[in-house]
Amino acid sequence: MAFINLTNLTYKYPLTETPVLQNINLQINEGEFVAVVGPNGAGKSTLCYTLAGFVPHFFKGELTGSVEVAGASLLESTLDEWVLNVGLAFQNPFNQISGAKYSVFEEIAFGLENIGIPREEIKVRVEEAMVRTGIRELADRSPYSLSGGQQQRVALTSILVMKPKLLVLDEPTSQMDPIGTREVFGVIRKMAEEGMTVVLVEHKVEWIANFADRVVALKGGEILLEGKPNEVLTSELLSENGFGISRYTSAAREAQKRGLWKKKQLPVTLDEAVEGFKS
Amino acid sequence: MNPNRSFFVPVDSPLHRLNPLTKLTFVFAMILPAFLSVPELAPILAIPVFLAAFIGRVQKPYLNLLLKLILPTITFMFVMQSVFLPGGETILFMLGPFDVTQEAMRSAFFTVTRIFVMVSSFALLLLTTHPSELMSDLTQRGLPGQFAYVIISTLQILPQMQAKAQTIIAAQRSRGLDTESTFLKRAGSLVPLVSPLVFGSLAEVEERAIAIEARGFTSKKTKTSLHEISDTSFDKGLRWILVILILASVALRIWLS
Amino acid sequence: MEVISQNAVYFVVVAAIMILLFAWAYFTKRIQKDFITMTWVLIPVAIAINLTIGQIVLLLKLPVYLDSIGTVLVGVICGPWAGALTGTLSNIIAGIILDPGWFPWFPVAAAIGATAGVMANLGFFKNWWKVVVTGFIIAIVATIVGTPISIAIFGGISASGSSIITAFLLETGRSLVSSVLTTNFISEPLDKIATSLLAFAIIDGLSARYLARFPRGENAAVEKGQKQTQLIIALVVVVLLILFGIFVLPMLTGG
């Protein structure tokens with residue numbers, strides 16, 4: 001039995017006619033790192049909200065099919081139970097700051113206070129989590145005085161400190177400059193290496209190719225393609241359907257037509273492209 | 001004002017070390033007798049508040065507050081009430097068509113001393129207690145955690161929104177906003193000033209709600225607190241004494257009437 | 001002196017009743033469904049809106065306060081209890097950062113939020129002229145709650161500009177209570193009607209999908225209709241209310 005089990009999942013937001021997710025069937029194993037790609041309006045964020053329990057518990061609307069994470073069924077659970085298993089981080093780092101705390105240390109402790117962890121344990125866990133994500137030196141700063149990249153790492157740490165079994169990330173770097181992006185991906189990579197189950201929505205495909213185990217391509221609320229990162233990300237179906245694809249892939253595809261790319265597999269990252277063109 | 005936008009002065013003093021609830025009880029032990037007991041008590045109550053400011057080593061910001069915030073208001077009130085309050089027979093002097101009576105002045109004096117005691121004792125609490133410390137303590141005593149969330153969150157959002165307002169006002173001024181022109185023009189300029197502020201901040205509400213709910217905001221478990229706020233037996237004793245003082249002052253009023 | 005002391009007791013009694021009502025509704029879980037996370041996150045934003053707009057209005061030197069737009073907004077889309085809480089906390093925050101002299105006015109702010117919520121539940125927040133009526137009712141409630149506070153705590157004449165009117169009325173031989181009540185009846189309606197209309201304009205600018213997130217979003221479903229006709233009705237209502245104020249109120253307050 002897979003760790004995440006989506007069966008015939010279809011969902012409509014309230015006050016809308018067309019479903020945002022249609023007949024999704026997806027199994028994800030424990031410890032797997034799955035990336036989700038898709039054009040705007042493909043239902044990526046809705047998929048994240050579903051895994052995190054906010055669809056349908058927060059957004060209401062109409063959900064059919066079944067969603068199971070770690071053996072629990074979404075429709076039979078309440079949101080406050082569900083969030084203990086699933087952590088969620090999303091695009092805007094500023095909006096993820098609780099606002100209830102004056103320092104980063106307190107901010108990270110917020111979730112643990114809410115779920116009633118004893119004081120001494122909170123201190124140990126917050127300290128530990130900050131060291132893991134490399135933000136120990138920010139402990140006494142105000143969360144509002146930080147850069148976007150730092151805020152997003154604080155948001156991630158605030159989730160990780162709660163020790164979720166599944167981490168759901170919805171374009172965590174979309175509002176970040178290259179430095180912020182590298183900082184945030186550094187943390188995500190570490191989580192992946194530690195064997196945490198991660199579902200990541202991301203349009204920066206070069207990063208995905210580096211460390212996803214599997215890629216799911218969504219289009220119009222349905223799964224279009226699913227498989228190994230390099231196979232999915234270089235598939236012609238993607239460019240035909242308006243997905244954002246790596247510039248190295250398109251360059252190599254052009255080169256292939258002119259016989260300049262000899263390998264069968266097209267590249268996604270710069271390194272793969274350099275290597276391929278060398279041979 | 002410090003960056004956290006509160007009156008709090010971060011120094012170490014016996015008053016700072018007191019439990020926040022004890023200081024809150026002190027505030028009410030000043031205010032309730034001032035308003036509920038005999039009027040003559042109000043001026044006397046100003047003395048312990050004043051002394052406490054010295055114990056709390058906040059005498060300078062405290063006096064500063066008195067001069068800038070409280071004195072102008074109550075002086076104005078005192079003059080207005082002395083002149084305009086009706087009744088009274090002992091006319092002290094005439095001010096144009098208005099008679100200033102001894103009774104009106106007496107009444108005005110007691111009203112402003114009450115307000116003085118109320119405002120200055122609250123000011124003292126805020127000078128010596130950080131808002132988050134007060135809220136943690138009250139939460140640990142059973143106040144629902146959401147109240148603490150609202151208070152602290154507002155204290156953090158407000159300066160941000162005021163800064164945004166400043167930016168928008170500056171931008172609108174450079175485009176010809178006139179804060180001095182006719183009434184209709186000034187009223188008309190309200191909408192372009194206010195709407196970016198309001199809609200921008202409302203748009204953040206949904207994501208912030210999701211973010212805090214993802215971190216157990218609605219958890220049914222009993223919340224714990226990172227900070228331990230000390231509550232000594234001295235605090236407990238002091239609170240009892242203050243409560244007895246409140247009751248005694250009200251009893252005094254009933255006994256005298 | 002005796003008038004002031006009696007009013008002090010009255011003030012404590014009113015405050016105690018309000019607190020008891022709140023405690024009752026809280027512990028019987030009548031209000032829990034209004035207090036979802038969206039409500040708790042909206043309240044700080046609403047308070048910030050109250051105080052920031054209040055300061056901008058001061059800057060523009062308009063003859064209104066407009067410092068309860070956020071309170072009315074919460075009352076309408078999250079219910080009367082949330083509105084009352086927003087008003088109360090708004091005054092507590094203003095007391096913490098601006099001037100502790102705001103604290104005693106919290107029952108007025110609470111009443112404004114609660115009244116906005118009750119009126120919205122009755123369907124009186126769905127088009128312009130209904131909102132004007134709501135604004136007027138809020139003004140009346142604010143006057144009734146505010147007058148005893150004004151007298152008990154501030155002796156009837158505070159440092160605000162409208163105290164000049166009170167002083168004038170006192171000189172014409174009216175009693176203190178009647179003078180303060182009349183002053184508030186004169187100054188409140190304009191402010192509260194403008195406040196309600198601005199809150200309505202905000203709601204009108206929010207999407208149905210966004211409003212549906214809040215516990216009483218359906219209260220804010222704007223009735224579609226000819227905007228011009230509505231404006232005319234609104235104007236007629238305002239004129240009628242002013243006439244009401246001029247002719248009926250002096251009789252009520254025993255002038």
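This is a predicted model: local features need pLDDT of at least 70, side-chain atom pairs count only at pLDDT 80 or more; totals for chains, interfaces and linings use all residues.

Reply: Read along the sequence, chain C follows the pattern α-α-α-α-α-α-α-α-α-α-α.

Me: How many helices and strands does chain C have in total?
Reply: Chain C has 11 helices and 0 strands.

Me: What share of chain C is buried?
Reply: Of its 255 residues, 57% count as buried. The accessible surface of chain C is about 10000 Å², and carbon and sulfur atoms hold 74% of that surface.

Me: And how many residues of helix 3 in chain C are buried?
Reply: In helix 3, which covers residues 69–78 of chain C, 10 of the 10 residues are buried, so this helix is largely enclosed by the rest of the structure. Among them are C:Ile69, C:Val72, C:Leu73 and C:Cys78. The glycines C:Gly70 and C:Gly75 are also in that buried set.

Me: What comes just after helix 3?
Reply: C:Gly79 comes there, with a positive phi of about 100 degrees.

Me: Let us turn to C:Val132. Where is it found?
Reply: C:Val132 lies in helix 6 of chain C, which spans residues 128–154.

Me: Why does C:Val132 count as buried?
Reply: The relative accessibility of C:Val132 is 1%, and the cut-off for buried is under 20%, so the residue counts as buried.

Me: Which residues is it in contact with, leaving aside neighbours within four places in sequence?
Reply: C:Val132 is in contact with C:Ile193, C:Leu197, C:Ala234, C:Val237, C:Val238 and C:Leu241.

Me: What about C:Thr88: buried or exposed?
Reply: C:Thr88 is buried, at 18% relative accessibility. This threonine has its place in helix 4 of chain C, residues 80–97. Leaving aside neighbours within four places in sequence, C:Thr88 is in contact with C:Phe106, C:Ala109 and C:Ala110.

Me: How much of the contact in chain C is between residues 24 or more positions apart?
Reply: Such pairs account for 72% of the contacts in chain C with a separation of 6 or more. For chain B, the corresponding value is 71%.

Me: On to chain B, then. Which elements does it have, from the N terminus on?
Reply: The order in chain B is α-α-α-α-β-β-α-α-α-α-α-α. That comes to 10 helices and 2 strands. The radius of gyration of chain B is 24 Å, well over the 18 Å that the globule rule gives for 257 residues, so chain B is more spread out than a compact globule.

Me: What box do its C-alpha atoms fill?
Reply: Along the principal axes, the C-alpha atoms of chain B fill a box of roughly 65 × 60 × 30 Å. Buried residues make up 52% of chain B.

Me: Which residues of chain A lose the most area to chain B?
Reply: Those are A:Tyr102, A:Asn114 and A:Arg119, which together make up 23% of what the chain A side buries.

Technical notes:
Residues are numbered from 1 along each chain as its sequence is written. Chains are lettered from A and ligands numbered from 1 in the order in which they are written. Side-chain values use heavy atoms; hydrogens and water are left out. Helices (H or I, at least four residues) and strands (E, at least two) are DSSP runs, numbered from the N terminus. The radius of gyration is taken over C-alpha atoms; the globule rule is 2.2 Å times the number of residues to the power 0.38. Buried means under 20% relative accessible area, exposed over 50%, partly exposed in between (1.4 Å probe, protein chains only). Contact means heavy atoms within 4.5 Å. Buried area is the accessible area (1.4 Å probe) that two parts lose on being put together, summed over both. Accessible areas come from the Shrake-Rupley method with a 1.4 Å probe; for residues, only the protein chains shown count as cover.
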